[in-house]
Amino acid sequence: RNPAKVVKDVVESAAEKVTEVLTPQVPGAPGSAPPSLAEPTTPHDPLPPKPDQGTPQTRTPTGVKTGVPSTAKGQQGAFLTTANGARLRDTDHSLKAGPRGPVLLQDHHFREKIMHFDHERIPERVVHARGAGAHGIFTAYGTAENVTQAGFLKKGRETEVFVRFSTVLGSRGSADTVRDTRGFATKFYTDEGTFDLVGNNMPVFFIQDAIKFPDIIHAAKPHPDREIPQAQSAHDTFWDFVSLHTEAQHHTIWNMSDRGIPRSYRTMEGFGVHTFRLINAAGETVLAKFHWKPKLGVHSLVWEEAQTINGIDPDFHRRDLYDAIESGAFPEWELGIQIFPDTPEETFAGIDLLDPTKIVPEELAPVQPVGKLTLNRTPTNFFAETEQVAFHLGHLPPGIDVTNDPLLQGRLFSYLDTQLTRLAGPNFPQIPINRPHAPVNDMLRDGFHQQAIHAGVAPYRPNSLDGGNPFPAGDDDHPFIDVPVQVAQAPKVRASPASFDDHFSQTRLFWLSMSPVEQEHIIRAYTFELGKCYHQAIKERQLQCLANIDPVLCAQVAAGLGLPAPQPTAPLADVAPSPALSQVGREWPADGRMIGIVVDPDADLDAVREVRDAVFAADMVPLLIAPHGGMIGDLPAQRSFATGRSVEFDAVLLAAAPPPAPDALPARDAKAGAAGPASAPIDPRVLLLVEECWRHAKAIGAWGPGVAVLEQAGITGSPGVVTGDSAGDVFTSLQQLLATHRVWNRFPASIS
Ligand code: HDE
């Protein structure tokens, strides 16, 4: 299966269908398209997709979603009905005493319609409110069979999954590309019961004990008086807390790094964060950490891009996920585990495995792949699936168990408790998206929104009236295993182990593992965020924390804030960097990338068609950007200069140097490039597109008249800017540049 072919077919069939729709048809002729734009009077197929709306791959060729589960309900039959199935003549007028009279209380349809609408919203999640979900399949490699008896990890076993990605701080309606941690929660519907791996895109957490969770979240959420800022950590209360509560420093530097602004959900790693305990068929145990590794590599936005996207397309990550899946470019991750001996100390290489502010560098314990996740279906209904899904760390299959990590222990309470308010009662496991795919035979009864009609009279054990049912599973029936870990004889205390006091060595390890360009981004992020704080004392306190991480980091941020750089209060930790933490310096498959192609009616459309086909063949998505929507010759334009902005593209090709539109806003003088100020004027929106792509270190290519745009922008010959005689040659060079995601050497090579 070639996803790009699917995309291509969609584009072409969409172009044909639009031509059909725009051609007048005989009204009512059998099989005809709906007559013009009038309200349809008889049921017919949905309108076909339009090539100038969205990306070309946002719908299937028929415009109808595929893969709707057979349990999907609603919209059955052609007629409008009440919730009880009575057919209705009119839903536009309430029942009145005469056309000018008062509305009658007996109008059941009116009351039902408004009552239901009034209660459409449920409380949003207290954290991770904004999310996007997708269905998929997990296929096990069998490589974990020696360490766990979990059935879904046996070789070749396929398990259905639902994944929900999220931001943490923002409300449901906030933007996708804010600086924040991302949730990565996976529900495996295994045949031994559901397994929820509720992780993040960062391997550490702000706090070591769950009892601190309300503190960090209250500090990070908007200020309680003005309720600003939304979905941001760039404010006083956040920095007040993390600078006082220094165990948060490690997670904070991850947030300030490029990991805080992922390019896409598809290019994020995922981490279970905590250490889990695995048990195999022989009863042997190991400690383990879970990792998700994206097939497309780990990539991020640059800060200016992220900010621009928040305005232009606040749904950027959602759209990217859905577009990719619906085009057939299915996102993939490998699940991997790091394995550690289950010793009484619960440490590895001196690292406390119960401390969720610590990682174990991959160089010390390699991540071993155990299976592959493929997301292949978007939700049919956002509310019913993405909003109503409820994850819980206690949803574990036999073979995987918890450890004493105090953060993990507290989460085991919180995730059940929170659903009682959010999903209004204890029966949320019966909501379709939460239903296990394994048989359920519990003795839980009644409660709000009970869906089951339980037969029998004896929901208790032991009983004789229901024949003794249900029976406890025996050892051979794959029961859940509570690993019989020895619990130390110890006094009851409110305290943490001494090893939890080290807050800076791994923060420094992270900093030292970054490439110069990534360090530069971290410096700018701290400078921006602390620069947004009003209180001088908070900035100074955080600078003290930075001094305890690294003197260069501290000096640079201090310079940006116009404050003196303090000295460290303790000797800096002597730590070895972990190169695996850097996102720079590796090559990745470039499929699924968005390539903008600037065209105008004067461009060589044969060359454009050729390069467009080459982009499709490389499993990428070409989007034509033209002076106007509709068609350019026989090619559909997906973006116009009015709607296309650089942030949407991973690379841009220029086939034309379009002149300014007659009604364009006045442009500033063209930059003096090789062609000089006297060269023909170019549409300023095209120049902006190219300048932004250049600033954001994206690959840019041009041929023929398009080269004039590079000249006028003054970027000809700079790194990652390619020109050539043929469109094909230019795209080939561009493709190589895309393997590293950005043209990194356009950024400064070192910081001092
Ligand atoms: Fe969560 N977290 N969390 N969290 N968390 C929730 O549960 C909580 C933590 C994570 O897409 C809530 O159902 C406590 C770490 C994700 O539906 C709530 C603590 C990690 C999601 C909750 C943590 C996470 C949540 C809110 C400290 C990464 C979204 C709604 C002990 C390993 C799941 C809900 C989804 C959601 C509590 C810390 C990840 C309130 C008390 C560490 C991905 O129960």
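How many residues of domain 2 are in contact with domain 4, and how many of domain 4 take part? In this predicted model, 9 residues of domain 2 are in contact with 6 residues of domain 4. On the side of domain 2 that touches domain 4, the residues divide into 4 nonpolar, 3 polar and 2 charged. The C-alpha centres of domain 2 and domain 4 lie 39 Å apart.

**Domain assignment**

The domain assignment of the protein chain gives domain 1 as residues 1–50 and domain 3 as residues 504–581. Domain 2 is made up of 131–211 and 270–434, while domain 4 covers 594–746.

**Annotated active site**

An unreviewed UniProt entry places the feature "active site" at H128 and N200. Although these positions are spread over 73 residues of sequence, they cluster in space, with a largest C-alpha distance of 10.4 Å. The loop between α2 (108–118) and β1 (131–140) holds H128, whereas N200 belongs to strand β4 (residues 193–200).

Are H128 and N200 buried or exposed? H128 is buried, because 21 other C-beta atoms lie within 10 Å, and the cut-off for a buried residue is 20 or more. N200 is likewise buried, with 24 other C-beta atoms within 10 Å. The table lists their surroundings, leaving aside residues up to four places away in sequence.

| Residue | Other C-beta atoms within 10 Å | Residues in contact |
|---|---|---|
| H128 | 21 C-beta atoms | S166, V168 and G183 |
| N200 | 24 C-beta atoms | T181, R182, G183, F184, F271 and V273 |

**The parallel sheet**

An open sheet of 6 strands has the order β17-β14-β13-β18-β19-β20, with parallel pairing. β17 (639–640) and β20 (721–724) each have a single partner strand and stand at the edges, so one side of each is left without a neighbour in the sheet.

Within this order, strand β13 (residues 594–598) pairs with strand β18 (residues 651–654) in the parallel sense over 4 bridges. I597 stands opposite L653 in β18.

Which strands does helix α17 lie across? Helix α17 (residues 727–738) lies across β18, β19 (699–703) and β20. The helix runs at about 175° to β19. The edge strand β20 is thus one of the strands that α17 lies across.

How values were computed
Residues numbered from 1 in each chain as written. Predicted model: local features only at pLDDT ≥ 70, side-chain atom pairs only at ≥ 80, totals over all residues. UniProt positions renumbered as here; feature names shortened; annotations may be inferred. Helix = DSSP H or I, 4+ residues; strand = E, 2+ residues; numbered from the N terminus. Buried ≥ 20, exposed ≤ 12 C-beta atoms within 10 Å, placed from the backbone. Contact = placed C-beta atoms within 7 Å. Pairing = 2+ DSSP bridges. Axes fitted to C-alpha atoms, helices over the stretch in contact; angles between N-to-C directions. Domains from an automatic or database assignment. Nonpolar A, V, L, I, M, F, W, Y, C, P; charged D, E, K, R; others polar.
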